[in-house]
Amino acid sequence: MIVRNLGSNVEVETPPSPEVDVLDDVTKPWQVMVLNDPVNLMSFVTLILRRIFGYSEEKAVELMLKVHYEGSAVVWTGEREKAELYVQQLQSHQLYAVMEPVD
């Protein structure tokens with residue numbers, strides 16, 4: 001901060017603060033991933049994805065097939081609290097689900 005005394009007037013200059021792009025755990029997006037498992041039927045995974053996320057049959061099948069063939073699929077992205085809820089719901093149906101911050 002620079003202070004200049006100009007007689008009866010005082011001028012205060014503050015240097016511009018550097019722009020910092022700060023994303024903490026609260027504001028950064030998180031993704032929910034379903035992992036492949038040898039236990040659940042593909043039809044069951046599709047049903048659970050439709051129930052929890054409200055996906056159409058086509059979207060749920062697409063995600064389920066990605067899990068089946070690629071080992072995992074991102075099924076939702078958004079705020080951390082909701083991601084935690086979705087992971088809990090998926091796990092309560094015995095699906096392997098994890099969440100991680102989006103890079």
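The following dialogue explains how to read several features of this predicted model.

Q: Which conventions apply to the numbering and to the model?
A: Residues are numbered from 1 along each chain as its sequence is written, and side-chain values use heavy atoms, with hydrogens and water left out. The model is predicted: local features need pLDDT of at least 70, side-chain atom pairs count only at pLDDT 80 or more, and totals for chains, interfaces and linings use all residues.

Q: How many helices and strands does the protein have?
A: Helices (H or I, at least four residues) and strands (E, at least two) are DSSP runs, numbered from the N terminus. Here there are 3 helices and 5 strands, and along the sequence they follow the pattern β-β-β-α-α-β-α-β.

Q: What is the strand order of the open sheet?
A: Two strands pair if DSSP finds at least two bridges between them. In this protein, an open sheet of 3 strands has the order β4-β3-β5, with antiparallel pairing. Strand β3 (residues 30-35) is joined to β4 by 6 bridges, and Val 32 stands opposite Trp 76 in β4.

Q: How is the packing of helices α1 and α2 described?
A: Two packed helices are described by the angle between their axes and the distance between the axes. Axes are lines fitted to C-alpha atoms, for helices over the stretch in contact, and angles run from 0 to 180 degrees between N-to-C directions. The axes of α1 (residues 42-53) and α2 come within 9 Å and cross at roughly 130°. That makes α1 oblique to α2, given that angles under 35 degrees count as roughly parallel, over 145 as roughly antiparallel, 65 to 115 as roughly perpendicular and the rest as oblique. Helix α2 (residues 57-70) also lies across β3 and β4, running at about 135° to β4.

Q: Which residues of α1 and α2 meet?
A: Contact means heavy atoms within 4.5 Å. Met 42, Val 45, Thr 46, Leu 49 and Arg 50 in α1 meet Glu 57, Ala 60, Val 61, Leu 63, Met 64 and His 68 in α2. These residues divide into 7 nonpolar, 2 polar and 2 charged; Ala, Val, Leu, Ile, Met, Phe, Trp, Tyr, Cys and Pro count as nonpolar, Asp, Glu, Lys and Arg as charged, and the others, Gly among them, as polar.

Q: Is Val 34 buried or exposed?
A: Buried means under 20% relative accessible area, exposed over 50%, and partly exposed in between (1.4 Å probe, protein chains only). Val 34, found in strand β3, is buried, with a relative accessible area of 3%. Not counting residues up to four places away in sequence, Val 34 touches several residues, including Leu 49, Val 67, Val 75, Leu 90 and Tyr 96. For the protein as a whole, 27% of the 103 residues count as buried.

Q: Where does Val 87 lie, and what is it in contact with?
A: Val 87 belongs to helix α3 (residues 80-92) and is buried, at a relative accessible area of 9%. Leaving aside neighbours within four places in sequence, its contacts are Val 32, Ala 97, Val 98 and Met 99.

Q: What is the phi of Gln 94?
A: Gln 94 has a positive phi of about 65° although it is not a glycine. This residue lies in the loop between α3 and β5 and counts as exposed, at 60% relative accessibility.
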